[in-house]
Amino acid sequence: MSTKVVIGAQWGDEGKGKTIDILAERAAVVVRTQGGNNAGHTIEANGEQYKLHLMPSGILNPETLCIISVGVVIDPKVLLEEIADMESRGISTDNLLIDSRAHVIMPYHIELDGLSEAARGSSSIGTTKKGIGPCYMDKTERSGIRMSDLVDEEKFPNMVRENLKIKNKMIEFVYGGTPMDADKIIAEYSEYAKQLKKYVCDTTPILYKKIKDGEEVLFEGAQGVLLDLDIGTYPYVTSSHPLTGGVCVGSGIGPKMIDECIGIAKGYTTRVGNGPFPTELDDEIGEAIRQKGFEFGTTTGRPRRTGWFDAVIVRYAVRTNSLTSIVLNKIDPLGGLDTIKICTAYKKNGETIYDFPATLEELAQCEPVYEEMPGWKEDISGIKEFDKLPVEAQNYINRIEELCECPISTIGVGPDREQNIVK
Ligand code: GDP
Ligand code: IMO
Ligand code: MG
């Protein structure tokens, strides 16, 4: 049995898609367990670029079974567009399965996401406005529509009508928006249902059997630890659990079925959306990293905020996720800097803090403590072996490993599948 969970160890966009695509070469199954099309996972392979939002990143491997599991929220329109895009590029989606229990993002969720963000004004979360939060709200409120309901011709229209009665009141009377038309939604979504029906089933016994049979299974996290609803920088978080612990509820397996917990980090820190960011660089170095690392959102195109590597954050990810190893992507964009800083701890009222604080109020009192290391000038994007990296890059990676208290297994030196160094 070999099951690996791959999660983002920072604020998302660490290169999870790239790493999953590489690992998927050997995997029988790749499973998405949480989040929705707020995720944007970029894969570069064979000179092509693929931007995946709902589709598991194993889809490029024709042998791999791809499961969109229980805990994911699905926008059917976006998923159908992704399926069509894959098929038009010669990639089969015959190996895709969608769990009956996954919840459906409805148009009123998207509308309410935008309206509630606007109502928050200057304290908005900076969501992707894809309807993620409102869809998970309905799920926990127990009024949500699941994939099994979407494909049920009798049940679906009534559920939309019942839900919309309440949602229209919220849209119109709470937020001052325009009410939505139930018949139009039913007609549009019933068409999507017809096209998606063949993929929908109970995926949990299939997954269980694959694991029992000793097949290699990969769980593909979306977002990152600091965007977790409980463990992250609440309320500037997403509405799901992008932790290794979230995988069990999100796919219907027990914790003893997980063998490896891999955290993906990048050689610096980024964040897209609002909220605190202790090591943020609001200067020309931050801008240089954004340009060199092409730090623009895969889903929304927003420029990502950039900053120095924060070992407090990744150590927190190691602790809250039982990480067994770290993949450190995007070392190459740091090339050319005279010196590179690493945040090793925070200073709070004169005290040195090594653990990530539980509240934003405490975090606001923290100042990063930096260690400065010499940078390197060489282009490292073609290097294949750790020993061939400039010694300054080796020292930087080794220091990160030491500070995060977790072994680094692989280093990313470029966006392509091939641009990887096994340490
Ligand atoms: P994900 O959401 O974690 O899958 O990450 P994204 O795809 O949103 O963002 C990561 C970006 O960095 C993508 O454009 C990747 O192609 C790219 N990338 C991944 N690894 C590396 C790397 O080691 N070096 C460089 N330069 N780019 C990388
Ligand atoms: P991947 O999988 C980075 C952020 C949004 C916002 C917050 C809440 O590509 O790493 P939401 O729309 O989820 O309610 O927005 O979460 N966010 C991400 N940031 N990468 C992602 O996914 C993200 N998914 C959501 O920017 O700050
Ligand atoms: Mg992304």
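Helices (H or I, at least four residues) and strands (E, at least two) are DSSP runs, numbered from the N terminus. Keep that in mind for every element named on this tour.

This is a predicted model, where local features need pLDDT of at least 70, side-chain atom pairs count only at pLDDT 80 or more, and totals for chains, interfaces and linings use all residues. Residues are numbered from 1 along each chain as its sequence is written, chains are lettered from A and ligands numbered from 1 in the order in which they are written, and side-chain values use heavy atoms, with hydrogens and water left out.

**Stop 1**

Select Ser322. This residue sits in the loop between helix H11 (311-321) and strand E15 (325-329). Its phi is positive, about 50°, although Ser322 is not a glycine. Most residues other than glycine have a negative phi, and most peptide bonds are trans. Ser322 counts as exposed, at 52% relative accessibility. Here buried means under 20% relative accessible area, exposed over 50%, and partly exposed in between (1.4 Å probe, protein chains only).

**Stop 1: Asn46**

Now go to Asn46, in the loop between E3 and strand E4 (48-52). Asn46 is not a glycine either, and its phi is positive, near 50°. Is Asn46 buried or exposed? Asn46 is exposed, with a relative accessibility of 66%.

**Stop 2: a cis bond**

Select Tyr234 and Pro235. A cis peptide bond joins the two, with omega about 5°. Pro235 belongs to the loop between E10 and H9.

**Stop 3: ligand 1**

Select ligand 1 and the residues near it (a heavy atom within 4 Å). There are 18 around ligand 1, and the closest are Lys16, Gly17, Gly40, Thr42 and Asp332. Look for polar contacts next: pairs of N or O atoms within 3.5 Å; within protein, one must be able to donate a hydrogen and the other to accept it, and residues adjacent in sequence count only if both atoms are side-chain atoms. A polar side-chain atom of Asp332 is 2.7 Å from a nitrogen atom of ligand 1. A polar backbone atom of Thr42 lies 2.8 Å from an oxygen atom of the ligand. At Gly412, a polar backbone atom is 3.2 Å from an oxygen atom of ligand 1. Taken alone, ligand 1 exposes 590 Å², and the protein buries 94% of that. Such areas come from the Shrake-Rupley method with a 1.4 Å probe; for residues, only the protein chains shown count as cover.

**Stop 4: ligand 2**

A polar side-chain atom of Asn38 lies 2.8 Å from an oxygen atom of ligand 2. A polar backbone atom of Gly40 is 2.9 Å from an oxygen atom of the ligand. A backbone N or O atom of Gln223 is 2.8 Å from an oxygen atom of ligand 2. On its own, ligand 2 has 550 Å² of accessible area, and the protein covers 98% of it.

**Stop 5: Gln34**

Select Gln34, in the loop between E2 and strand E3 (41-45). Gln34 is buried, at 4% relative accessible area. Its side chain makes a polar contact of 3.0 Å with the side chain of Ser240. Now show contacts (heavy atoms within 4.5 Å). Leaving out residues up to four places away in sequence, Gln34 touches residues including Tyr136, Gln223 and His241.

**Stop 6: Tyr199**

Find Tyr199 in the loop between helix H7 (182-196) and strand E9 (200-201). Tyr199 is buried, at 7% relative accessibility. Its side chain makes a polar contact with that of Thr93 (3.5 Å).

**Stop 7: helix H8**

End at helix H8 (residues 204-212), whose buried residues are Thr204, Leu207 and Ile211. Why do they share a side of H8? They cover an arc of only 65° around the axis (taken from the directions from the helix axis to the C-beta atoms), so they lie on the same side. On the other side of H8, Lys209 and Lys212 are exposed. The cover over the buried residues of H8 includes strand E1 (2-8), strand E7 (96-99) and helix H9 (246-251). After H8 comes Gly214, with a positive phi near 80°.
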